[in-house]
Amino acid sequence: FTTWSMIDYLIKTQPENFGKFVWAMKANMDKAGIPTGANLPDYFRVKFKEHFGFNYPEFEEAWRVWVKVAYKPGIPKEGDPNGPINPLGGGVIPPGG
């Protein structure tokens, strides 16, 4: 469930950047313009920082703060009219939002 909630965090806190990041990952081409997976770990790190503004350790720390608020134990998302709160600003995240 960790990976799913990390993607949920990115989509809910930076939806526009998430879409741009996905397209950037699909645009990993070689010199001939053919999609390639060459050097993928480094390419991923560069594009992640470029689109989300933090490296992986910084992302993990921000996600940990967010997930503790977004997934409050015992309170289903739809059952909490006041939450979850987006700790990065912007107020309440609507159900499914």
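**Helix packing and aromatic pairs**

Helix α2 crosses helix α3 in a right-handed manner (the near helix is turned clockwise from the far one by less than a right angle). The model is predicted, with local features needing pLDDT of at least 70 and side-chain atom pairs counting only at pLDDT 80 or more, while totals for chains, interfaces and linings use all residues. Residues are numbered from 1 along each chain as its sequence is written, and side-chain values use heavy atoms, leaving out hydrogens and water.

The axes of α2 (residues 15-26) and α3 (residues 40-52) lie 10 Å apart at an angle of about 155 degrees. The two helices are therefore roughly antiparallel (angles over 145 degrees). In contact (heavy atoms within 4.5 Å) are, among others, Phe18 and Phe21 of α2 and Phe44 and Phe48 of α3. By class, this contact has nine nonpolar, two polar and two charged residues.

Turning to the rings, there are 14 aromatic pairs (ring centres within 6.5 Å, using the six-membered ring of Trp). Tyr56 is partly exposed at 40% relative accessible area, whereas Phe59 is buried at 2% (buried is under 20%, exposed over 50%, partly exposed in between, with a 1.4 Å probe and protein chains only). Trp66 and Tyr71 pair edge-to-face, 5.6 Å between centres and 90 degrees between planes. Here Trp66 is buried at 1%, and Tyr71 is partly exposed at 26%.

Methods
Axes fitted to C-alpha atoms, helices over the stretch in contact; angles between N-to-C directions. Helix = DSSP H or I, 4+ residues; strand = E, 2+ residues; numbered from the N terminus. Parallel < 35°, antiparallel > 145°, perpendicular 65-115°, else oblique. Nonpolar A, V, L, I, M, F, W, Y, C, P; charged D, E, K, R; others polar. Phe/Tyr/Trp six-rings, centres within 6.5 Å; stacked < 30°, edge-to-face > 60°.
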